[in-house]
Amino acid sequence: MVPLSPGATVTIKGTRIGTTTSQDGRFTIKAPSGSGTLVISYVGYTSAEITYAGESNLHIKLTPLARTAEEVVVVGYGSLKRKTLASSVSTVKGEALTKSTSPNVSNAISGKIAGVIARQADGRPGSTTSFNIRGMGDPLYVVDGIPKDAGQFNNIDMGDIESVTVLKDGAATAIWGIGAANGVIQITTRKGKYNQKPQLSLNTYYGMQDWTRFPKMANAAQYYEAQTEADVNEWIVNPNRSGAPTTRTKAEWEKWKAGTEPGYQSFDWSQFIRRNAPQYYANMSISGGGENVTYYTSLAHLKQDGAIKDFVFQRTNLQSNVDARLSQRIKIGTQINARVEQRKNPGLPSSDDLSYPLKGLYINIPTERPYANDNPKYPSYNGSNRTAYNFGVLNYDQSGFFNDTWRVFQGNIYGEYITPIKGLVAKVTGNYYYAARLEDIQEYTFNAYRYDKATDKYNIVGGNPNPYREKINESVEEKIYQAYLNYDNTFGKHTISATLGLESNERFEKYTFIRSNPTTNFISLIRPNEFRDINDTRTERGSLSVFGRANYTYNGKYIFGTAIRRDKSSVYSKAFSARYFPGFDAGWIISEENFFKGRLGRTFSLFKLRGSYSVAGLLNKDVAGAYLSGYNFPSGGYVFDDGYYIAAGLRQTPSTNITWVQSRYTNIGLDMALLNNKLSLTVDVFQRKKVGDLTTRRDVNIPQEVAQSLPQENLNSSRTLGTDWEITYNGHVKDVKFTIGVNGVYARTQALVTYREDLGFGSSWDKYKNATERRWTGTWGYIADGQFQSMDQIRKHPIDQDGQGNTTLLPGDIIYKDINGDGVITALDQRPIARGGGLPLFNAGLNIAVAWKNFDLTLNLQGASGYYFNMANELQRPFLNDGNIPTLLLDRWRREDPFDPNSAWIPGKYPSIRRGGIGNNLQFSTFNTVNVRYLRLRNLEVGYTLPRHVTNRLNISKARFYFNAMNLLTFTNVLIVDPELDQNGGVQYPQTKNLSFGLNVSF
């Protein structure tokens, strides 16, 4: 039992008189004379009815309800009670998301919802998390009942979210049809409450960010020593060696170690370009309502600077929700959200501008500096490979600019009519969505210099002579219309909930690309005589759907449900454009049976078994229009009479029989609540068969002279198996209230049919290694079996490791197992050594919330396993691209005297240094590959709410101060780099550690 929570609704039964509780759980209400009944309700608690008869003071407590009991869950085009829901659905409240300083929703929900598999491989400003539901692929996103894209989902302000609901199995998603076969994630935004005084709220924080992990690079003395070792090691294994092993000297090495003499001072490139970057956020909202109108409006701004200088993401959000009861039967409303999001950084010659400074951290060497003679007016020429990555030119003044701006508007307007038929409600919704993007890029030409001390002149040696100018104008316009009937009624022991409706969707996309080579850095206009390329495209797509759902509960314990949707899409040809997709579910609430209500009933307040089956359609937008014949224009050209003429070319052979990929989904689940609803448990096992994946036939060949390729067909199939679970415990010890939640998911996918896979193998070994049908595939590599300890061991080793009689090997080099015993290490000795490769196979989360008096604590931990990281490229090959060496590789086999090839070897963890490594040590093997495991403290928040007597004096309703730490700790078996990176060289922006202080205040 807990006291009334702030924001609980209090009404007088049978009237429209009502109010809401204050921040300390108090309320005042003017009641008619005589007796009556108060109805008190709050999300997550059992509603209470309290009879009054003239009392002036009442003390009321609400009982937390089981997560699986009376909670109302948002499903497709309506809502259902969780207790009588037989499909698999998980929910997280918006309040839990605001305890994260992540800039995007996908980051904030990681570890908080059972069934969600996530990996944030990139932590740059404004970045999102790659995730799916149960390993199925990209889900459908729904915002306030309207299907939208991932960008709209991710960039809704967290403060505007009431709840996020994940529909996981086919029965839950069937009613959404197109795109819902991989699961559905629904966002419901906040609304005001009837009879609530206006409440002005402000949430703001300011924090500093730094990278969780990034490899440290060698300083000048370490770099010089490593280069010396590379000289000597390469000299030893060179059969044609002559002269001295190295031209480097101990005297010069000592100068670099001392670092005091001009020209021999180490430069730290990381300190030059990296910084502790600020992130700040503010959200101001006003909400409330009268007897017939509710409103919620908010304005929010987020700015996230990058740990790399001059890289910035910022976003401004507007949300406005208004509902109005025009009469007892008619209600109208609108939901509007809009945003402007912007990414800014210097203009660099890459499709990913951040790759230049990130790669520069590896390539720039500590014996060079960003400016010639340390004069900022003259960027230094540091060689043909390194000058482009010189941090002295990676800025707005030297390199140019990159601005990418989205302006987005989504507006819903709806009307609702409560018909005279009990329980029947009609609703009509119209949605308009418009997104406009402007990408504006200019890459400047610049000069790079060397300083001539004798003449005191700066001489131009290189630079960037290639100007570049680009503009992209992109827009998306979408119109969605919905009309449906909802019916909800109870007849004695029979409860029926049903939906029947229509939905249409029209989407228009435009894209215009212009590129030029400007003649000057100082004019950013694009002139016709500077044009080099222009591209203008338009895409139109539409769908029309009819859907229905019926849920029936008998006697509060037997549950039956069905849903069906007919989708018709312009993506496919007329013959295959429309399909019906049904879903079925059933449940048995065993705890309602008489035989269960004795001793078991005292332990279990809920015990429910459920199952579902569905067939859904996967829409492949990439094949839109593939059934059309005709021509592509432009398609090359020809010269005629000294003129060049653009030509048209035949389209590929039409794919007239491509149809929907079918998703056949089976789910079995168990829901339990124990200990008077303090403990709840949900477990699901699932299988999804995907039938009709696209591929081309291997057993049909077309002559090259035809200049056509075979069309794709629905020939392949696969299946995904797995389980997810969630356990929650709510309790209190005296004044301490706490909630502990644990969730997890494991899912794997295997191919069932790969069309004529047998024709793709060159040998039985090839088939053994690469066949995919009905196999849990892994990544193959060599099995490391130690390292060579001496030259004598190398000479006597009976197995040819390097294909050259081991003549390229040195002590410390890797030994591989000769699996097939033929005396030579080849691809025939590879075996599966790594699992996964994309998203993890296993994800888990631990969420803890504790409240004691005015203090509160929130912890969110998230972990994963079932994918691998390979230390390759920059993390494996010293001086790659004439660059530096990570200090990681300095724990290597080396000599006591790096200049003497005859001095004794000192063991280390990694092989001895050679430039770029050698083939034997670069193999994909268990030596450099790790099957990742990690546990990360994603969020820790500690808050303190000022006592009521203090806020009363300040004339405010609530004031809470808090400290938030994001990604504070990470426990992992991955060295040096962030465990969620997916680029094997580590040249990737890692996740950031963010320490913030914030304030919540309400008036």
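## Buried residues

A residue counts as buried when its relative accessible area is under 20%. Keep that cut-off in mind as you look over this structure, which is a predicted model.

V142 belongs to strand β12, which covers residues 140–143. Setting aside neighbours within four places in sequence, V142 is in contact with P147, W176, V184, I185, Q186 and I187. In sequence, V142 and F153 are eleven residues apart, and their C-alpha atoms are 7.6 Å apart in space.

## Two nonpolar cores

Let's turn to the cores. The largest nonpolar core holds 45 residues, and W211, F869 and I885 have the most contacts inside it. Several elements give two or more residues to this core: the helices α5 (220–237), α7 (269–273) and α8 (355–363), together with the strands β44 (855–870) and β47 (929–945). Among these elements, α8 gives the most, with five residues.

Which residues is I885 in contact with, leaving aside its neighbours within four places in sequence? They are M217, A218, A226, P878, F879, L890 and I913. There is also a second, separate core of 20 residues, and I109, A118, F153 and I185 are among its members. One of these, I185, is also in contact with V142.

## A buried asparagine

Strand β44 also contains N870. Is N870 buried or exposed? Its relative accessible area is 6%, so N870 is buried, the cut-off being under 20%.

The side chain of N870 has a polar partner: it makes a polar contact with the side chain of T929, at 2.9 Å. Not counting residues up to four places away in sequence, N870 touches F924, N928, T929 and N984.

## The second largest pocket

Finally, here is a look at open space. Rolling a probe the size of a water molecule over the atoms shows where empty space is left. The second largest pocket contains about 990 Å³ of space. It is lined by 36 residues, and those closest to its centre are L140, I178, G179, L619 and K621.

Strand β12, where V142 is found, is one of the elements that give two or more residues to this lining. The others are β11 (130–133), β13 (146–148), β26 (494–516), β27 (531–554), β28 (558–569) and β36 (679–695). How many residues of each class make up the lining of the second largest pocket? There are 13 nonpolar, ten polar and 13 charged residues.

Methods:
Residues are numbered from 1 along each chain as its sequence is written. This is a predicted model: local features need pLDDT of at least 70, side-chain atom pairs count only at pLDDT 80 or more; totals for chains, interfaces and linings use all residues. Side-chain values use heavy atoms; hydrogens and water are left out. A nonpolar core is a set of buried Ala, Val, Leu, Ile, Met, Phe, Trp, Tyr and Cys residues joined through side-chain atoms within 4.5 Å. Buried means under 20% relative accessible area, exposed over 50%, partly exposed in between (1.4 Å probe, protein chains only). Helices (H or I, at least four residues) and strands (E, at least two) are DSSP runs, numbered from the N terminus. Contact means heavy atoms within 4.5 Å. A polar contact is a pair of N or O atoms within 3.5 Å; within protein, one must be able to donate a hydrogen and the other to accept it, and residues adjacent in sequence count only if both atoms are side-chain atoms. On a 1 Å grid over the protein atoms alone, a cavity is a set of points where a 1.4 Å probe fits but cannot get out, and a pocket is an open set with protein on both sides within 12 Å along at least five of seven lines; lining residues have an atom within 4 Å of a point. Grid points are joined across faces, edges and corners, and a volume is the space filled by probe spheres set on the points. Ala, Val, Leu, Ile, Met, Phe, Trp, Tyr, Cys and Pro count as nonpolar, Asp, Glu, Lys and Arg as charged, and the others, Gly among them, as polar.
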